[in-house]
Amino acid sequence: MTTAPAQAGWRFKQPSVIPGFGLTLGFSLAYLTLIILIPLSGLIWRSAALGWTDFWAIATDRRTLNALEISFGTAFIAAVVNVVFGTLVAWVLVRYRFPGRRIVDAMVDLPFALPTAVAGIALTTLYAPNGWIGKLLMPLGLKVAYTPLGIVIALVFIGLPFVVRTVQPIMEEIDKEVEEAAATLGASRFQIITRVLFPGLAPAIITGFSLAFARGVGEYGSVIFIAGNLPYKSEIAPLLIVIRLEEYNYPAATAIAAIMLALSFVMLLVVNLVQTWSRKRYG
Amino acid sequence: MADPEIKSYEPYHESRSAAVTESRPAQAVLMAIAFAFLGIFLLLPLIIVFHEALAKGVGAYTQALGEPDARSAIRLTLLVAAISVPLNVVFGISAAWAIAKFEFKGKAFLTTLIDLPFSVSPVISGLVYVLLFGAQGLLGEWLKGHGIQILFAVPGIVLATVFVTFPFVARELIPLMQEQGNGDEEAALSLGANGWQTFWYVTLPNVKWGLLYGVLLCNARAMGEFGAVSVVSGHIRGLTNTMPLHVEILYNEYNAVGAFAVASLLAGLALVTLVLKTLLEMRYGAELAATRGH
């Protein structure tokens with residue numbers, strides 16, 4: 001531990017010969033405040049103005065609870081699916097060489113680039129009872145479109161790149177020597193993967209999971225087409241906000257939004273903690 | 001594929017002894033599962049967009065895109081992107097300059113705030129402006145009194161788009177400029193360049209590919225945003241309908257060809273974005289922050 005020189009005192013900014021600090025920071029803060037902070041605090045202010053009893057009544061309304069449960073439940077399942085397949089895809093992209101690897105690698109980002117409404121109608125058309133995939137699943141008694149399973153499918157699509165892009169760079173950095181050392185010491189391939197490789201990848205996998213989960217909870221465009229949107233059954237929380245808004249029920253829309261925001265904020269915090277922890281542990 | 005890029009990886013692969021890689025059959029199985037998953041979840045949705053758009057022939061496709069409502073949706077989407085992307089570019093450069101070139105208290109907190117829109121549901125991004133500018137909103141009465149229309153009009157759509165695309169340019173430029181350090185700028189300044197010249201002739205050329213990368217992603221999201229824009233737009237045909245909103249309207253009217261025709265333009269935009277992004281990463285990977293896993 002070093003102590004700062006006493007004469008330096010508290011200083012907002014370290015001295016620098018580079019100009020433009022006041023201008024750029026001032027502009028950035030003003031823009032951030034106008035576009036993001038004031039509108040968001042408006043939301044918090046409005047939900048605080050509701051009062052505890054009203055807020056609690058909206059929050060514990062069965063339709064609200066069901067919508068939140070569906071949003072968080074389907075996002076959780078989709079994130080788990082993405083952890084399994086996203087990690088596998090990252091592994092294949094990092095470890096194996098095959099023709100067209102670059103194209104496959106680029107395609108992983110498709111859900112980032114494809115507008116959510118386009119993804120929504122495309123997936124719905126595929127999984128509808130008469131669609132290319134829906135037709136094959138019908139004889140198995142599996143109905144995907146217009147059920148919560150459809151929501152999971154849409155969220156798997158949306159969340160995949162989050163897991164792959166978080167895990168992939170960490171996988172690339174693994175030293176071959178570590179695996180070789182383990183092999184020399186008599187570890188089987190399975191032991192090397194589960195005991196040597198996986199612990200190093202776990203923080204990245206958890207981060208990828210949280211990112212995919214957080215994105216899935218708030219997702220709207222790709223889900224509303226395939227979900228069927230039955231209240232209490234396949235209605236997601238963001239859709240309920242929109243419905244309340246269309247009914248001019250601003251307090252309910254605000255309260256549901258505030259709950260979602262609070263939950264996402266907690267998740268963001270967890271992601272940051274995990275990242276700090278993984279950086280400390282695995283440098 | 002006779003790609004020299006792939007060849008150069010070969011020794012790395014050969015040097016892996018059996019103990020540190022999977023057996024050939026296991027590799028084949030893992031690759032088959034991964035490809036099947038990607039094929040079903042990524043490739044099929046993309047194919048079906050173009051398949052459905054052309055289901056009734058090229059004539060019906062071009063006719064659907066020639067509809068006045070479709071044309072006005074395309075125009076509005078281009079207009080909204082043309083306003084919101086430059087706004088976020090100016091912000092991104094400005095924030096990156098302040099954060100990367102200087103040390104000041106609360107820097108980490110500011111960086112976290114910039115990423116905030118990514119963790120907010122798009123619907124909430126639209127809702128906050130409704131609460132602010134709507135009839136029951138905080139500024140609703142005042143705006144009505146002065147005859148200013150923000151909600152259900154272009155300004156509201158632009159604001160919602162700016163909100164959701166806010167972090168793209170900044171989060172690409174900040175780590176890149178932090179990595180490059182201040183050496184070049186200090187040299188320029190000591191040789192007598194003023195601040196503006198230093199930025200224009202030294203900093204900007206250093207970050208141009210990273211900037212382009214950020215603009216690319218920002219633009220793709222700006223043109224494709226659905227949730228936030230849907231909440232503030234009011235869905236007035238021919239006036240406040242962007243392309244993604246028009247896709248929804250046509251789809252709900254069971255006009256599949258029309259919906260997928262407009263969707264195919266957006267899918268085309270996504271493909272162009274991916275190709276340009278990949279080219280940038282291949283050619284200028286060393287000059288991008290995003291390719292280094294930040």
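This is a predicted model: local features need pLDDT of at least 70, side-chain atom pairs count only at pLDDT 80 or more; totals for chains, interfaces and linings use all residues.
Residues are numbered from 1 along each chain as its sequence is written, chains are lettered from A in the order in which they are written, and side-chain values use heavy atoms, with hydrogens and water left out.

The size of an interface is often given as the accessible area lost when the parts come together. On chain A, 96 residues are in contact (heavy atoms within 4.5 Å) with 96 residues of chain B.

The rule finds 2 salt bridges across the interface, a salt bridge being a side-chain nitrogen of Lys or Arg within 4 Å of a carboxyl oxygen of Asp or Glu. One of them joins the side chains of Arg189(A) and Glu22(B), at 2.8 Å from N to O. Helix α1 (residues 21–49) of chain A gives the most to the side of chain A that touches chain B, with 18 residues. Helices here are DSSP runs (H or I, at least four residues), numbered from the N terminus. That side of chain A comprises 69 nonpolar, 15 polar and 12 charged residues. In this grouping, Ala, Val, Leu, Ile, Met, Phe, Trp, Tyr, Cys and Pro are nonpolar, Asp, Glu, Lys and Arg are charged, and the others, Gly among them, are polar.

Turning to helix pairs, α1(A) packs against helix α7 (residues 122–133) of chain B at an angle of about 75 degrees, with the axes 9 Å apart. Axes are lines fitted to C-alpha atoms over the stretch in contact, and angles run from 0 to 180 degrees between N-to-C directions. The two helices are therefore roughly perpendicular, a label for angles of 65 to 115 degrees. Residues of α1(A) including Ile35(A), Leu43(A) and Arg46(A) meet residues of α7(B), among them Ile124(B) and Leu132(B). This contact has 11 nonpolar, no polar and 1 charged residues.

In a second pair, the axes of helix α6 (residues 116–127) of chain A and helix α14 (residues 243–252) of chain B come within 9 Å and cross at roughly 30 degrees. That makes α6(A) roughly parallel to α14(B), as angles under 35 degrees count as such.

Technical notes:
Angles under 35 degrees count as roughly parallel, over 145 as roughly antiparallel, 65 to 115 as roughly perpendicular and the rest as oblique.
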